[in-house]
Amino acid sequence: MEVYVDDMLVKSKEARSHVEDLEEAFEVLRVYRLKLNLRKCAFRVSGGPFLGFMVTQRGTEANPAKIKDILDMGLPTNINEMQRLTRRIAALSLFISKSAEKGLPFFKTLRKVKDFEWTEECQ
(Lines give C-alpha, C1' and ligand atoms only; values in the text may rest on other atoms or scores of the structure.)
Protein backbone atom coordinates (compact mmCIF):
# COMPACT_ATOMS: atom_id res chain seq x y z
CA MET A 1 0.00 0.00 0.00
CA GLU A 2 1.26 3.48 -0.85
CA VAL A 3 -0.23 6.42 1.01
CA TYR A 4 0.30 10.13 0.48
CA VAL A 5 -1.73 12.44 2.75
CA ASP A 6 -5.28 11.33 1.89
CA ASP A 7 -4.56 9.28 -1.24
CA MET A 8 -4.02 5.54 -1.04
CA LEU A 9 -3.04 2.89 -3.54
CA VAL A 10 -3.12 -0.86 -2.91
CA LYS A 11 -0.89 -2.78 -5.32
CA SER A 12 -0.35 -6.49 -5.70
CA LYS A 13 2.39 -8.36 -7.50
CA GLU A 14 -0.04 -11.02 -8.65
CA ALA A 15 -3.74 -10.66 -9.45
CA ARG A 16 -4.67 -13.72 -7.40
CA SER A 17 -3.34 -12.13 -4.20
CA HIS A 18 -5.02 -8.75 -4.71
CA VAL A 19 -8.18 -9.65 -2.77
CA GLU A 20 -6.07 -10.66 0.23
CA ASP A 21 -4.05 -7.43 -0.06
CA LEU A 22 -7.27 -5.40 -0.13
CA GLU A 23 -8.62 -7.27 2.90
CA GLU A 24 -5.42 -6.42 4.78
CA ALA A 25 -5.69 -2.75 3.78
CA PHE A 26 -9.35 -2.64 4.87
CA GLU A 27 -8.39 -4.19 8.21
CA VAL A 28 -5.83 -1.42 8.79
CA LEU A 29 -8.54 1.14 7.98
CA ARG A 30 -10.93 -0.55 10.45
CA VAL A 31 -8.33 -0.64 13.24
CA TYR A 32 -7.71 3.10 12.92
CA ARG A 33 -11.40 3.88 12.24
CA LEU A 34 -10.65 5.49 8.89
CA LYS A 35 -13.35 5.83 6.27
CA LEU A 36 -13.20 5.92 2.49
CA ASN A 37 -15.11 8.20 0.16
CA LEU A 38 -16.67 5.63 -2.18
CA ARG A 39 -17.10 8.23 -4.94
CA LYS A 40 -13.31 8.55 -5.04
CA CYS A 41 -12.55 4.81 -4.90
CA ALA A 42 -11.64 2.82 -7.99
CA PHE A 43 -11.36 -0.95 -8.05
CA ARG A 44 -10.15 -3.43 -10.69
CA VAL A 45 -7.80 -0.87 -12.19
CA SER A 46 -4.69 -2.29 -13.82
CA GLY A 47 -2.92 1.07 -14.03
CA GLY A 48 -3.28 4.79 -14.45
CA PRO A 49 -2.25 8.16 -13.06
CA PHE A 50 -1.62 8.49 -9.33
CA LEU A 51 -0.13 11.59 -7.68
CA GLY A 52 1.34 12.81 -10.96
CA PHE A 53 2.95 9.46 -11.79
CA MET A 54 1.77 6.47 -13.80
CA VAL A 55 1.17 3.21 -12.00
CA THR A 56 1.49 0.23 -14.33
CA GLN A 57 2.01 -3.50 -14.02
CA ARG A 58 5.75 -2.75 -14.19
CA GLY A 59 5.52 -0.38 -11.19
CA THR A 60 5.53 3.39 -10.75
CA GLU A 61 6.75 5.28 -13.81
CA ALA A 62 7.06 8.84 -15.01
CA ASN A 63 3.87 10.28 -16.43
CA PRO A 64 4.40 10.85 -20.19
CA ALA A 65 2.27 14.01 -19.98
CA LYS A 66 4.70 15.50 -17.44
CA ILE A 67 7.67 14.69 -19.68
CA LYS A 68 5.87 16.26 -22.66
CA ASP A 69 5.24 19.40 -20.59
CA ILE A 70 8.99 19.78 -20.02
CA LEU A 71 9.88 19.09 -23.66
CA ASP A 72 7.29 21.60 -24.89
CA MET A 73 8.31 24.39 -22.49
CA GLY A 74 11.02 26.05 -24.55
CA LEU A 75 13.94 27.95 -23.04
CA PRO A 76 13.17 29.83 -19.81
CA THR A 77 13.37 33.59 -20.29
CA ASN A 78 12.67 34.78 -16.74
CA ILE A 79 12.89 33.68 -13.12
CA ASN A 80 9.33 32.31 -13.01
CA GLU A 81 9.91 30.11 -16.04
CA MET A 82 13.21 28.87 -14.58
CA GLN A 83 11.48 28.02 -11.30
CA ARG A 84 8.71 26.21 -13.18
CA LEU A 85 11.32 24.18 -15.05
CA THR A 86 13.24 23.22 -11.89
CA ARG A 87 10.00 22.18 -10.14
CA ARG A 88 9.09 19.92 -13.04
CA ILE A 89 12.55 18.40 -13.17
CA ALA A 90 12.49 17.82 -9.40
CA ALA A 91 9.12 16.08 -9.67
CA LEU A 92 10.58 13.62 -12.20
CA SER A 93 13.94 13.23 -10.43
CA LEU A 94 13.05 9.74 -9.25
CA PHE A 95 13.20 8.61 -12.89
CA ILE A 96 16.27 10.60 -14.01
CA SER A 97 19.68 9.05 -13.50
CA LYS A 98 21.96 11.44 -11.56
CA SER A 99 19.19 14.04 -11.55
CA ALA A 100 20.83 16.23 -8.88
CA GLU A 101 24.00 16.45 -10.94
CA LYS A 102 22.11 17.16 -14.17
CA GLY A 103 19.86 19.78 -12.54
CA LEU A 104 22.69 21.62 -10.79
CA PRO A 105 23.19 24.24 -13.53
CA PHE A 106 19.51 25.22 -13.27
CA PHE A 107 19.69 25.60 -9.50
CA LYS A 108 22.96 27.55 -9.73
CA THR A 109 21.32 29.91 -12.21
CA LEU A 110 18.46 30.51 -9.79
CA ARG A 111 20.91 31.22 -6.97
CA LYS A 112 22.71 33.88 -9.05
CA VAL A 113 19.56 35.86 -9.87
CA LYS A 114 19.95 39.24 -8.13
CA ASP A 115 16.41 40.55 -8.53
CA PHE A 116 14.84 37.61 -6.75
CA GLU A 117 13.96 38.25 -3.09
CA TRP A 118 13.05 35.60 -0.55
CA THR A 119 9.84 36.44 1.25
CA GLU A 120 7.76 34.56 3.79
CA GLU A 121 5.70 33.26 0.86
CA CYS A 122 8.78 31.54 -0.61
CA GLN A 123 9.57 29.59 2.53
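A salt bridge is a side-chain nitrogen of Lys or Arg within 4 Å of a carboxyl oxygen of Asp or Glu. The exercises below concern a predicted model.

**Exercise 1.** Find how many salt bridges a search of the whole structure gives, and work out why the pair Glu 14 and Arg 16 counts as one of these contacts.

*Solution.* The search of the whole structure finds 5 salt bridges. For the pair in question, the side chains of Glu 14 and Arg 16 meet with an N to O distance of 2.5 Å. The cut-off is 4 Å, so a pair at 2.5 Å meets it.

**Exercise 2.** Decide whether Glu 14 and Arg 16 are buried, partly exposed or exposed.

*Solution.* Buried means under 20% relative accessible area and exposed means over 50%, with partly exposed in between. Glu 14 has a relative accessibility of 37%, and therefore counts as partly exposed. Arg 16 has a relative accessibility of 71%, and therefore counts as exposed.

**Exercise 3.** Describe the salt bridge between Arg 30 and Glu 27, stating where the two residues lie.

*Solution.* Begin with the distance: the closest N and O atoms of Arg 30 and Glu 27 are 3.2 Å apart. Next comes the location, for both residues belong to helix α1 (residues 18–31), where they are 3 residues apart, or about one turn of the helix. Finally, Arg 30 is exposed, at a relative accessible area of 54%, whereas Glu 27 is partly exposed, at 39%.

**Exercise 4.** Characterise how helix α3 and helix α4 meet, from their axes to the classes of residue in the contact.

*Solution.* The axes of α3 (residues 79–91) and α4 (residues 99–112) come within 10 Å and cross at roughly 145 degrees, and the crossing is left-handed. On the α3 side the contact is made by Ile 79, Met 82, Gln 83, Leu 85, Thr 86 and Ile 89, and on the α4 side by Phe 106, Phe 107, Thr 109 and Leu 110. Sorted by class, the contact has 7 nonpolar and 3 polar residues, with no charged residues.

**Exercise 5.** State which annotation covers residues 1–55 and describe that span.

*Solution.* An unreviewed UniProt entry carries the annotation "domain: Reverse transcriptase" for residues 1–55. In the model, the end C-alpha atoms of this span lie 12 Å apart, and the span is 25% helix and 22% strand.

Terms used. Residues are numbered from 1 along each chain as its sequence is written. This is a predicted model: local features need pLDDT of at least 70, side-chain atom pairs count only at pLDDT 80 or more; totals for chains, interfaces and linings use all residues. Side-chain values use heavy atoms; hydrogens and water are left out. Axes are lines fitted to C-alpha atoms, for helices over the stretch in contact, and angles run from 0 to 180 degrees between N-to-C directions. Helices (H or I, at least four residues) and strands (E, at least two) are DSSP runs, numbered from the N terminus. A crossing is left-handed if the near helix is turned anticlockwise from the far one by less than a right angle, and right-handed if clockwise. Contact means heavy atoms within 4.5 Å. Ala, Val, Leu, Ile, Met, Phe, Trp, Tyr, Cys and Pro count as nonpolar, Asp, Glu, Lys and Arg as charged, and the others, Gly among them, as polar. Buried means under 20% relative accessible area, exposed over 50%, partly exposed in between (1.4 Å probe, protein chains only). UniProt positions are given in the numbering used here, feature names are shortened, and annotations may be inferred rather than shown by experiment.
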